[in-house]
Amino acid sequence: MLPDRPTRRRAITIFASAAAVAIAGPASPARADFEWRGTAMGADARILFNDIEPAAAKGIAALVEAEIDRLENELSLFRSGSELCRLNRDGALTAPGGDLRRALALALDIAAVTNGLFDPTVQALWEAHVDWFADRSHTGLPPQAIIARARQAVDWRTVRIEPDSIRLGDNQRLTLNGLGQGYVTDRVADMLAAKGFANILVDLGEMRAIAPRRDGSPWLIARGGAGPLQLAEGALATSEGSGCVLGADGAAHHLFDPRSGRSAAHWRTIIVHHRSAAMADALSTALSIASADEIQALLPRLSGTAIWATDPAGRRSTWAAGPHDGIVG
């Protein structure tokens with residue numbers, strides 16, 4: 001099962017462990033369930049292989065780890081030498097890798113779709129809050145003057161992806177944490193699917209089912225204290241402020257509203273289903289900042305998306321934008 005201490009943005013639990021047979025029944029003698037565990041983009045990670053030849057699953061572990069390592073060298077803020085960190089340090093990066101270009105292009109597309117609710121340039125707000133709370137005598141929120149100064153660097157529209165480079169606006173720093181775990185999940189899932197693996201649940205901070213379990217039964221997943229979801233295909237992503245609080249008294253959290261520079265307060269938890277884990281990840285980030293009316297207004301732009309939201313009082317809301325095959329509430 002998952003560790004006792006939750007990782008960032010972790011609010012979804014898989015009921016079916018690698019050895020569990022409660023859903024699918026016992027495997028045949030020549031086949032078994034297998035679980036890979038590791039880390040990805042700063043989060044605990046695992047992949048559940050259902051009812052396969054154990055040697056085949058174990059043999060893929062090195063490829064999974066190599067792919068995660070390669071992607072983190074482009075996208076991670078946890079590695080000082082990554083392409084993203086070098087871009088933030090220098091303000092420009094020549095000959096960026098294909099995955100950094102694709103992930104950033106997706107981030108900018110989602111920023112446009114959500115009218116800037118999702119903004120990869122909010123790193124300046126994160127840094128302003130971290131610097132403020134590093135002084136243990138600061139118990140309240142950062143003063144408005146500090147927030148206003150940080151917000152001057154927050155504007156996704158000033159980021160430029162050029163044929164041979166990426167360039168940032170003045171004083172800007174990027175974070176891809178709002179979609180990075182989902183992006184890596186997609187890349188690893190696609191790699192495994194290309195190698196012929198099907199009955200797999202990839203959980204690299206966000207979840208994506210390549211296909212249901214071998215007998216056709218879905219993966220059973222608990223969501224945010226509510227009833228379980230049956231995930232057969234597609235991805236689930238979650239955002240909740242309590243996943244990363246700032247200040248000794250939790251005065252702020254990591255889900256910043258680019259419009260105000262302050263932590264969003266509309267929802268306790270947002271969970272999104274989409275065929276793409278990167279899209280689900282980014283949308284869960286964006287919609288955690290949106291009011292119920294704003295989510296309703298965005299629905300025509302979010303085809304194939306299902307949304308579950310829990311407000312601070314524990315009241316639940318759901319929305320669906322077009323068909324979202326692969327999940328049953």
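How many residues lie between β7 and β8 in their hairpin, and which residue in the turn has a positive phi?

**View 1. A hairpin built from β7 and β8.** This is a predicted model, so keep that in mind for each view. Three residues sit between β7 and β8 in the hairpin, and the turn residue with a positive phi, of about 100°, is G205. The two strands, β7 (residues 200-203) and β8 (residues 207-209), run antiparallel and are joined by three bridges. Look for D203: its bridge partner in β8 is M207.

**View 2. The two sides of β7.** In a regular strand, side chains alternate between the two faces of the sheet. Here, I200 and V202 point one way from β7, while L201 and D203 point the other way. Whichever way they point, all four of these residues are buried.

View 3. Now hop over to strand β3, which covers residues 43-52 and includes R46. Strand β3 runs antiparallel to β7, with four bridges joining the pair. One link to spot is R46 with D203, its bridge partner in β7. Is R46 buried or exposed? With a relative accessible area of 2%, R46 falls under the 20% cut-off, so it counts as buried.

**View 4. W36 and the largest nonpolar core.** Which residues touch the most other members of this 67-residue core? They are W36, I47, F49, L192 and L204. Zoom in on W36 and skip its neighbours within four places in sequence: its contacts are then A45, R46, I47, F49, A61, V64, E65, I68 and L204. There's also a second, separate core of 13 residues, and V122, A150, V154 and A252 are among them.

**View 5. β14, covered on both faces.** Strand β14 spans residues 269-274, and six of its six residues are buried. On one side you'll find T269, I271 and H273, and on the other I270, V272 and H274.

View 6. From I271, carry on to W308, its bridge partner in β15.

Note on methods. Residues numbered from 1 in each chain as written. Predicted model: local features only at pLDDT ≥ 70, side-chain atom pairs only at ≥ 80, totals over all residues. Heavy atoms only, no water. Buried < 20%, exposed > 50% of the residue type's maximum accessible area, 1.4 Å probe, protein only. Core = buried A, V, L, I, M, F, W, Y, C linked by side-chain atoms within 4.5 Å. Contact = heavy atoms within 4.5 Å. Pairing = 2+ DSSP bridges.
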